[in-house]
Amino acid sequence: MIETLSSDERRPLLLLATLCLGVSALYILSMLVVTDGHFVPQVSDLYLIAQYAKGFAEGHPFQYNIGEAPTTGATSLLHTLILAFAHFVGFRGEGLIAFAILSGAGFAFLTALQSYRAGLTLSGSSRIALMGAVLVVWNGPLAWSFHYGADIALTLFLASWLFAAWLEGGESDGKASTRFVLPACLLALTRPEASVLVLTLGLWSVWEERRTTSKWKVRLWWFAPSLMAALVPLSFRMLTGSAANTSFSQKLLAANWGFYGAAVLSIEYWSDLLRGVLLGFYPATQRLGLGGGNAPYFAAPFLLLFVFLALLGKSRELRRAEGFLLGSLATALLVTPSIQIGVHSNRYLLFVLPPLLVLFSLGLERTAVWLESGLGVPRLLAFRRLCILTLVFAFLSVVRFALVYSDSASVVYRKDEALFEFIRTRLPQDAAFLNNGTAIEYRTGRRSVNLSGVVTPGFAEILPAETEAGAFELLSRPSFGPLPPYLIAFEDYIAGSPGWQVLISGPPLFVTSSLAGSELAIYPTRSDLRG
């Protein structure tokens with residue numbers, strides 16, 4: 001309880017709370033200004049997750065629509081369950097979107113606290129720990145992700161909690177050595193790829209015990225997270241028929257473009273990623289993997305260099321930090337061969353960024369020590385000036401991404417929400433849709449056949465590289481039934497596809513007017529080409 005802490009202990013926590021409140025206010029208010037006071041997601045995928053959460057709350061788990069075969073389009077089991085509970089207690093419609101965004105702001109503060117805790121364990125200095133936690137709060141991609149509304153905010157909190165607990169496990173007592181188990185189990189329930197990280201930590205614990213006591217000793221608790229990680233896909237297999245989430249397994253690069261193409265893209269991606277994390281700050285016009293140039297604003301320049309300097313220490317906590325980073329690297333390598341690499345400022349890799357920023361602050365302190373011994377510069381002065389320079393870059397990063405955040409919200413509001421409003425007010429209640437543009441079910445109550453994706457049985461098995469051919473084949477089957485009378489898609493998608501141009505029967509009934517890239521449109525379909 002904060003009331004039981006001394007004034008010196010309360011001061012950093014109050015500062016972090018103030019900074020988190022300020023960043024959240026900046027991001028959320030910027031969204032509300034451009035959306036006429038409405039809560040909207042950064043990406044329409046949140047509507048899809050909300051629909052699954054609604055299904056859980058209403059008693060038909062894993063069914064995107066009542067009566068359909070179960071699918072696993074909502075990748076994060078724990079996050080979906082949290083939203084399902086929120087729906088159950090009364091957060092409905094836009095209220096659930098608001099809950100997802102505001103709870104992410106809460107996870108931002110909890111992540112900052114865990115980062116501060118990890119910094120204290122590594123350095124023993126509240127000054128260094130506070131700097132690391134401030135960098136977590138003042139980071140553009142992280143701030144964007146915390147207020148995104150999807151599972152990444154929960155993942156960031158659990159990964160930071162796991163990092164802090166893992167460092168404290170360096171103590172010799174048995175209780176400390178299993179302190180990481182609970183956050184590791186929760187993380188395994190949140191993201192499927194966390195299975196690699198938690199298994200690595202379990203194996204590291206065995207190796208560390210052997211190194212310390214010269215005896216091989218295995219605590220079953222160390223591998224409880226791995227068991228949890230294995231039970232998730234087994235449960236999916238039993239409930240939905242697919243062990244790997246359809247939103248992950250169908251998007252592997254090798255499955256879509258072959259092993260050689262996947263290898264080439266992965267190598268190119270990692271070259272750009274390492275450049276971005278190493279340099280930290282360079283023009284957004286420079287592409288980073290498939291990420292469009294947003295992620296170079298991770299932190300101040302030479303992030304990895306200062307992390308390397310921090311890891312030159314010889315403490316047991318630093319050795320365990322190395323183990324965590326090795327597990328994170330193995331996890332990142334597993335995530336790389338997916339068509340989602342680089343998207344949303346590398347959100348699938350951001351779980352390791354808070355630990356890196358904590359180590360970065362420790363690297364600043366070590367640099368200040370060396371400046372004092374080599375150049376005679378007072379250590380505290382050198383540390384303060386390095387921190388000021390770093391915070392300048394951090395401030396630019398968090399402000400820039402606030403603009404990205406409001407712009408993304410504006411586009412979703414002017415495209416997706418405008419389309420939802422037209423469907424609700426102008427089209428029949430029982431209308432069904434072919435859909436290759438957005439997720440309409442949660443906000444409109446209508447049904448659609450998701451042609452590109454992860455939610456409609458049968459269509460969820462189509463590889464993204466084969467969407468058009470696979471969709472036409474499934475639509476032509478007699479078992480599919482009558483073709484829905486409407487098609488939702490982006491105008492550019494229809495213009496670039498001779499097949500879909502044949503399927504529509506006339507000009508669009510509705511086109512959004514966002515003036516931001518290709519517009520969403522609703523087309524009437526023709527049914528005389530079946531078969």
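Visitor: Where is the place of Phe-62?
Guide: This is a predicted model. Phe-62 sits in the loop that runs between α2 and α3.

Visitor: Is Phe-62 buried or exposed?
Guide: Phe-62 counts as buried, because its relative accessibility is 9%, and the cut-off for buried is under 20%.

Visitor: What about the phi of Phe-62?
Guide: The phi of Phe-62 is positive, at about 70°, although this residue is not a glycine. Most residues other than glycine have a negative phi.

Visitor: Let us turn to the helices. At what angle do α2 and α3 pack?
Guide: Helix α2, residues 45-57, and helix α3, residues 77-88, pack at about 65°, and their axes are 8 Å apart. The crossing of these two helices is right-handed.

Visitor: Which residues meet there, in α2 and α3?
Guide: From α2, the residues include Ile-49, Tyr-52 and Phe-56. On the α3 side, Leu-77, Leu-81 and Phe-88 are among them. By class, the contact of α2 with α3 has 10 nonpolar, three polar and one charged residues.

Visitor: New topic: where does Arg-191 lie?
Guide: Arg-191 is found in the loop between α9, residues 181-190, and α10, residues 194-213. With a relative accessibility of 9%, Arg-191 counts as buried.

Visitor: What does the side chain of Arg-191 make a polar contact with?
Guide: Its partner is the side chain of Asp-151, at 2.8 Å. If neighbours within four places in sequence are left aside, Arg-191 is in contact with Thr-75, Asp-151, Thr-155 and Tyr-348.

Visitor: Finally, how many helices and strands does the chain have?
Guide: The chain has 22 helices and five strands. Of its 531 residues, 55% are buried.

Visitor: How much of the contact is between residues at least 24 apart?
Guide: Among contacts between residues at least 6 apart in sequence, 69% join residues at least 24 apart.

Technical notes
Residues numbered from 1 in each chain as written. Predicted model: local features only at pLDDT ≥ 70, side-chain atom pairs only at ≥ 80, totals over all residues. Heavy atoms only, no water. Axes fitted to C-alpha atoms, helices over the stretch in contact; angles between N-to-C directions. Helix = DSSP H or I, 4+ residues; strand = E, 2+ residues; numbered from the N terminus. Left-handed = near helix turned anticlockwise from the far one by under 90°. Contact = heavy atoms within 4.5 Å. Nonpolar A, V, L, I, M, F, W, Y, C, P; charged D, E, K, R; others polar. Buried < 20%, exposed > 50% of the residue type's maximum accessible area, 1.4 Å probe, protein only. Polar contact = N/O pair within 3.5 Å; in protein donor to acceptor, adjacent residues only side chain to side chain.
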